[in-house]
Amino acid sequence: MNSPSFQYSRAADLSDAVIQGSRSGNAFLAGGTDLLQLWKAGVMAPQGVVDISHLPLANVEYVDGQLALGALARLSDVATHPDVARDHPLIADAIKASASGQIRNMATVGGNLLQRTRCPYFRNQGLACNKRLPGAGCGALSGENRQAALFGANMSCVATHASDLAVALTVLDAEVEVFGVAGRRRFPLPDLYRLPAETPERETNLAAGELITGIHVSNASRFAACSTYLKIRDRASFEFAVVSVAAVLRVENGVISEARLAAGGVAPLPWRLSRSEAALVGRAPDAQAIGVAGDLAIADAQPLAHNGFKIELLRNAVIRALQTIGGRP
Amino acid sequence: MSRSSSINVSLKINGRDHEVSVAGCDTLLDVLRDNLGMTGTKKGCDMGACGACTVLADGRRIKSCLALAASYDGRSITTIEGIGTWDNLHPLQAAFIRHDALQCGYCTPGQILSGLALLDEKPGDLAAIREGMSGNLCRCGAHPNIVAAIAEVAGL
């Protein structure tokens with residue numbers, strides 16, 4: 001193996017993790033499924049790896065309608081947890097559509113949300129990438145950009161976010177709890193992420209050493225019977241999304257009272273489809289309303305040379321997802 | 001590679017305790033193969049894609065190429081060396097032979113370990129087996145026979 005060696009240390013507790021994680025050149029290790037790939041590919045070369053996988057943050061708890069997922073809960077444990085499977089099937093479905101059985105046994109909730117993009121220009125040391133090497137340029141802009149973003153990208157970076165779980169949690173209005181030098185903070189999941197702007201190497205709003213401790217989902221069981229995660233990919237399993245859509249509806253007396261939609265694989269972060277949502281509320285879940293929601297989902301799409309097919313794919317995925325759940329009580 | 005800061009790691013492998021000195025960046029796969037001489041676990045892609053390195057950690061299947069050995073200190077690991085014997089094959093190993101579920105055999109240890117873990121998850125039909133085995137690639141293309149072998153042991 002040619003990758004440079006690193007120092008391994010195990011965080012004694014959360015405070016120790018923050019102290020060690022704040023040091024320049026250190027990276028956190030949880031499940032390791034992304035960090036080790038990035039290290040072997042030469043994309044990341046940490047001087048120190050701070051193992052947080054043994055910290056007591058693997059809880060899955062459901063009390064009074066509040067679902068709490070510890071940052072170190074394994075994806076497979078979350079997906080098979082009875083309270084998740086029964087009252088939050090969208091989360092279970094998104095996880096079961098992610099990675100493989102082995103990876104789901106290793107990967108954690110926090111690590112999944114912080115996984116790096118699958119953009120081939122980021123993952124290949126020999127190609128230009130502003131995210132990996134600021135100022136190097138974006139090779140995908142004029143290169144192979146089939147999987148590039150339709151929304152939220154700019155000339156500096158067109159990479160997409162790869163997490164399925166993040167898309168599902170976004171429509172459930174999940175909040176992230178983080179802990180760092182400044183103490184504990186809690187904020188809506190989308191606020192974890194940054195658009196590339198002029199600093200695509202900065203993907204999150206976490207401070208140095210700050211780490212995710214948990215995820216909170218409140219009062220989401222009302223969507224349990226009327227949610228779906230539709231993932232479209234190049235092969236049927238163990239593949240990242242080309243386009244995905246998470247959708248939940250509440251239909252009362254034949255009229256949509258609540259609608260939430262988000263798309264994956266199309267933006268640097270889980271992309272909430274707010275205009276589609278607004279157009280659905282107050283309407284019957286019929287073909288016309290669903291078609292309008294599909295049209296509005298793609299209204300602001302900005303394709304590059306090779307990813308234009310994702311526009312029609314996204315529109316149809318929104319329609320298919322809403323058709324799937326629109327007929328349910 | 002600098003091995004200046006070696007770490008002592010305790011692993012229970014196939015029921016036997018091992019103390020091994022590793023570098024912080026050594027993967028569980030490399031420690032099994034290179035430090036302990038247990039070469040039944042295979043290195044394919046070394047990037048978590050092919051599943052040849054699949055082992056069980058406390059009964060759950062993982063990819064040992066994406067696991068740091070130091071992080072698995074104190075854990076129970078099961079490798080292909082701990083499954084069946086020459087004279088008394090595990091039923092899944094016997095089913096692999098009956099169904100001709102291998103050609104070159106390089107991916108087979110990982111397929112067996114992954115299949116054993118999948119059987120514990122109680123797949124309900126052939127589609128669930130195909131989906132459940134998507135983390136193990138067979139370059140020889142024995143997938144239909146692998147699915148058939150697992151299905152037989154699952155009673156499907």
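Start where the chains meet: select 21 residues of chain A and 28 residues of chain B, which make the contact (C-beta atoms, placed from the backbone, within 7 Å). On the chain A side, β1 (7-10), α2 (35-40), β3 (48-51) and α6 (101-106) each supply at least two residues; helices here are DSSP runs of H or I with at least four residues, strands runs of E with at least two, numbered from the N terminus. Pick α6(A) next, as its 5 residues are the largest share of that side.

A word on what you're viewing: this is a predicted model, where local features need pLDDT of at least 70 and side-chain atom pairs count only at pLDDT 80 or more, while totals for chains, interfaces and linings use all residues. Residues are numbered from 1 along each chain as its sequence is written, and chains are lettered from A and ligands numbered from 1 in the order in which they are written.

Now hop to chain B and select α2 (residues 91-98) and α5 (residues 143-154). Their axes (lines fitted to C-alpha atoms over the stretch in contact) lie 8 Å apart, at an angle of about 135° on a scale from 0 to 180 degrees between N-to-C directions. Show Pro91(B), Leu92(B), Ala95(B) and Phe96(B) from α2(B), then Ala149(B), Glu152(B) and Val153(B) from α5(B): these make the contact.

Last stop: α1 (residues 14-22) of chain A, where Ala17(A), Val18(A), Gln20(A) and Gly21(A) are buried (20 or more other C-beta atoms, placed from the backbone, within 10 Å of their own). Their cover includes β1, β2 (26-29), β3, β6 (175-180) and β8 (211-218) of chain A.

Terms used. Contact = placed C-beta atoms within 7 Å. Buried ≥ 20, exposed ≤ 12 C-beta atoms within 10 Å, placed from the backbone.
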